[in-house]
Amino acid sequence: MKTKKILGILLAASMSVSLVACGSNNDNASNEDDNKSVAVDSEAKGEITYWSMWSNTEPQAKVIQEAIDAYTEETGIKVNVEWKGRDLGTVLQAALEAGEEIDFFDWDYQKIAYEYKDKVMSLEDMAETAGYNDYAAPVFPNAVRKWAGDLIAIPYQPYTSGIYYNKAMFEEAGITEDPQTWDEFLAACEKLKGIGVAPLAQDDAYVMYTFGYHLARYIGQDGVTDVVTNGNWAENEAVLKAAQDIVDLISNGYLSEYAPGAYPEGENEVGYEEAAMVVNASWVPAEITNNTNCDLEWGMFNYPSVDGGKDPNTIANVGAQGFAINKNSKNAQATFDLIMKITSGEFDQKMALDCTGIPSDTRNTEWPEDLQGTKVAFDALTDVYDWNMGLNENPDITETIQTNCLQLFEGKLTAQQFVDAMEKATN
């Protein structure tokens, strides 16, 4: 576990898709009275074609197929499914441009908003008629509207992010409340250090993620984007402050001595009870459990705010998959009704429980056991960050940022050296 190796940028980027591993199977579903069946307003008969980002053996695909089977039984409408897996991303654009008969598809909801906006239809009117806005977790559809200017995708299987921790260690250290500010976080680190555990683990694949979070707390995602695209590393004093905070974590002994570990060695330290906390997304409890066979009670809090910073701790990187309807679909209403079947009520609840995720339907109040500690922080969110909080906005220097963040977390660069290295690389 002690060997360090640098993962490629592609690995870090791949984390932005929430391909959550299946957790414990739990067939308990809620909201039966609200969601006994889908009322199909369309006159459509015949067939719907769906191109899926899942392989048919994945747990998400199994839940979707169950929902499709129930829909077909209720409506008589046949659904043809093409289980494309992640290869969908290499063929979908060309298929839509060629006029392939695809009624709907799913993909990362932000990618839909940015890359498929002109190929899919607005869902606002159908969503309003269905009462979708009354129960959808608002942070997700509102993010689609912000990116695309319209609701062009229905998010599902969402994730959130923040700092996940071992509750037993917090209790042993006498930490009774989740930290909300950076000073409170440092105080918690000191208490954890006092009981002989590393307060914070860190993987090499996520160094940009953690640094991006911290810098965004000082200057917001727009500020991070400005630094990255315009090369304002030295001009914006917050970059030096953020880098110094990371240096201080190391010098105070708050970062694991093995950090940054070669992914997933860092996060596994939490599972092996060698470290108490890790910055990551809501798939990490299941991931660590699967990797280490641990049996932890998980807590979670949103990444802390910093003194004098622009953003509060109610903004987080969140994500989801999304369903979108081809603008040329001849069966739009029936397709939308099927999407509602999958993303609300019984099948949304099943997706959350079977795949260790967050419900999309706020009426589904049962969360997976590993994510029970996530709900309070999630419910407090007021806005969203993109993956790496703006650090990805200049692809020409992404690898340079990754390299220098890695050296910063390794303790090989001072805060000023980090700023100087980035300033030199971009100017």
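**Exercise 1.** Which residue forms a salt bridge with K119, the closest N and O atoms being 3.4 Å apart?

*Before we start.* This is a predicted model, where local features need pLDDT of at least 70, side-chain atom pairs count only at pLDDT 80 or more, and totals for chains, interfaces and linings use all residues. Residues are numbered from 1 along each chain as its sequence is written, and side-chain values use heavy atoms, with hydrogens and water left out.

*Solution.* 
- Grab the criterion: a side-chain nitrogen of Lys or Arg within 4 Å of a carboxyl oxygen of Asp or Glu.
- D118 is the partner, at 3.4 Å.
- K119 also meets E97 in a salt bridge, at 3.5 Å from N to O.
- Helices here are DSSP runs of H or I, at least four residues, numbered from the N terminus.

**Exercise 2.** Sort K119, D118 and E97 by accessibility.

*Solution.* 
- Cut-offs for relative accessible area: buried is under 20%, exposed over 50%, partly exposed in between (1.4 Å probe, protein chains only).
- K119 has 12%, so call it buried.
- D118 reaches 48%, so it's partly exposed.
- E97 has 58%, so it counts as exposed.

**Exercise 3.** Work out how E74 and K341 pair up across the chain.

*Solution.* 
- They form a salt bridge, with the closest N and O atoms 2.7 Å apart.
- E74 is in helix 2 (residues 59–75) and K341 in helix 14 (residues 332–343), 267 residues apart.
- E74 is partly exposed at 36%, while K341 is buried at 6%.

Conventions
Helices (H or I, at least four residues) and strands (E, at least two) are DSSP runs, numbered from the N terminus.
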